[in-house]
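I opened this notebook to record what I looked up in the structure shown below. The entries follow the order in which I worked.

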Amino acid sequence: MQKKVFIKTFGCQMNEYDSSRIYDSIKKIGFIKTEKQDSANCYILNTCHIRDKAKEKVYHEVGRVKQLYSKKNKPIMVVAGCVAQAENEEMLKREPYIDIVIGPQSYHKINQILLNFTEKEKKEITEFDTVKKFEYFDKIENKSNRVSSFLTIQEGCDKFCHFCVVPFTRGPEYSRPFNKIIDEAEKLIKNGSKEITLIGQNVNAYSYKKDSKVYKISNLINELEKFSELERIRYTTSHPRDMTDDLIDCYVTSKKLMPFIHLPIQSGSNRILKLMNRKHTVEEYLEIYNKLKKINSKIEFSSDFIISYPGETVKEFNETIELIKKIRFINSYSFIFSPRPGTKAAGLELISDEISKDRLLKVQEILFSHQLEMNQSFENKYIDVLVENKTKKGNQLFGRNKYLNSVIFKGDEKNIGKITKVKIESCNQNSLFGEIVHKNMKAA
Ligand code: SAM
Ligand code: SF4
Ligand code: F3S
């Protein structure tokens, strides 16, 4: 009998990739995806623990599901992802509606658990079995047929920034075997992927040793470059400490590596970076920036900022503003520090809400103005866009330029999967709007 599954995903690209692989797996035992969240036999929440009241949000979501199904058969309620890992069996005790709690490194067990599930026997699986997880997924074809696909190459983190839960929810760093990644990339390309984004919590720390040779992310990029049907290569999220020269050199040798780098710095103050245990300084970050700009002045950057880290003075906050003005990031994420259970910074004295909100507003005003200026610089120009799909309403197309800007435009859907020239007519802070042109125009 065919059973329906609804998967709701929160958090980063790693969770998106995992959700799609979980689906590849459970399809084999008869589950088929539904877009209707109130008619599933199995409801999976893939959760994120990075900030705020993550745990409470999950219980709130489960409460919502309970309501949706109050007059229907209860679905098997699965909580997966980083909150599942952090909260483990506590979740089953606190919310009896939850049936299965499964951490990110245990997904290789999902079929077996769903097949053997009985309401009387709830399950919690949160071991760090990363090797087994990937060995299992390597045997199941990645069925993604998206024009732009994520491909996990590395999981976990050994850096232990004092604010961050990732080392606890994803476990120690693990790099997948080089040949398995390339095999998966080949399948994605056969299925129609024109762009591959290599992903990992510390993607550029990728390091796989075989027969005394160490394979780095630069080796993966060079190997992907050889697939003639692949148009674009990206990677995220990188750590400044691991921006080694072999990776920087890829910007000289690769024609497919996009000139846009998401490189989180968190703060413009060396004292705060030290308190955060970031293991890099502002000067080291600027050195990477300068090296890359020297290779190609059109390379652009985005970053992550944590505002009001405990102890951040006005002067230190202003150093972050100065850095933002200097680099002119074209797109960034900024959040007020959020204490996370189990991390070193969890017990530190917080900066008041009022000051924090004021600082966040100031930072975002500048970040957003740079973002808008960058977008405006494309107006009345012809840019190369990789066309991904039709928009939800279906009357326009959606794609991205080389800087990952969303582009919404008029054009024929036969262009899906192709790099096409689009004339940009207008923009807002988040998107560019335009129309496909058929003349041979030079891209901006
Ligand atoms: N590995 C990446 C790096 O080293 O920058 C970041 C991964 S983390 C999943 C994504 C972002 O979440 C971080 O760059 C940081 O800005 C933000 N973040 C993590 N913990 C946070 C916290 N406790 N409060 C606010 N923001 C946080
Ligand atoms: Fe978190 Fe730091 Fe690891 Fe990034 S490097 S995942 S911020 S602990
Ligand atoms: Fe969130 Fe886990 Fe990703 S905490 S950001 S889903 S690694």
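**Entry 1: Charged pairs**

I looked up K357 and D353 and found both exposed, where exposed means over 50% relative accessible area, buried under 20% and partly exposed in between (1.4 Å probe, protein chains only). I note that this is a predicted model, in which local features need pLDDT of at least 70, side-chain atom pairs count only at pLDDT 80 or more, and totals for chains, interfaces and linings use all residues. Residues are numbered from 1 along each chain as its sequence is written, chains are lettered from A and ligands numbered from 1 in the order in which they are written, and side-chain values use heavy atoms, with hydrogens and water left out.

K357 and D353 form a salt bridge, their closest N and O atoms being 4.0 Å apart; the term requires a side-chain nitrogen of Lys or Arg within 4 Å of a carboxyl oxygen of Asp or Glu. The two residues are about one helical turn apart, because four residues separate them in helix α14 (residues 353-376). Helices (H or I, at least four residues) and strands (E, at least two) are DSSP runs, numbered from the N terminus.

I then recorded a network in which D18, K133, E155 and R170 are joined by salt bridges that share partners. K133 belongs to helix α6 (residues 130-138) and is buried, at 0% relative accessibility.

**Entry 2: Further pairs within helices**

How many salt bridges does the rule give? I noted a count of 36.

One that I looked up joins E61 to R64, with 3.3 Å between the closest N and O atoms. Both residues lie in helix α2 (residues 54-68), three residues apart, so about one helical turn separates them. E61 is buried at 11% relative accessibility, whereas R64 is partly exposed at 27%.

In helix α13 (residues 314-327) I found E319 and K315, four residues or about one turn apart. Their side chains meet in a salt bridge of 3.3 Å, N to O. E319 is partly exposed, at 27% relative accessibility, and K315 is exposed, at 59%.

**Entry 3: A buried arginine**

Is R21 buried or exposed? I found R21 buried, with a relative accessible area of 1%; this residue is in helix α1 (residues 13-26). A polar atom of the R21 side chain lies 2.9 Å from the backbone oxygen of I140. The backbone oxygen of E141 is 3.4 Å from a polar atom of the R21 side chain.

**Entry 4: Backbone features**

Which peptide bond did I record as cis? The bond from T236 to T237 is cis, with omega near 0 degrees. T237 lies in the loop between β13 (232-236) and α10 (245-253).

I also noted two residues other than glycine with positive phi: N88, near 35 degrees, and N380, near 65 degrees. N88 sits in the loop between α3 (81-87) and α4 (89-94) and is partly exposed, with a relative accessible area of 24%. N380 is in the loop between α14 and β17 (382-390) and is exposed, at 57%.

**Entry 5: One more residue**

My last entry concerns K33, which I located in strand β2 (residues 31-33). K33 is partly exposed, with a relative accessible area of 43%.

Terms used:
A polar contact is a pair of N or O atoms within 3.5 Å; within protein, one must be able to donate a hydrogen and the other to accept it, and residues adjacent in sequence count only if both atoms are side-chain atoms.
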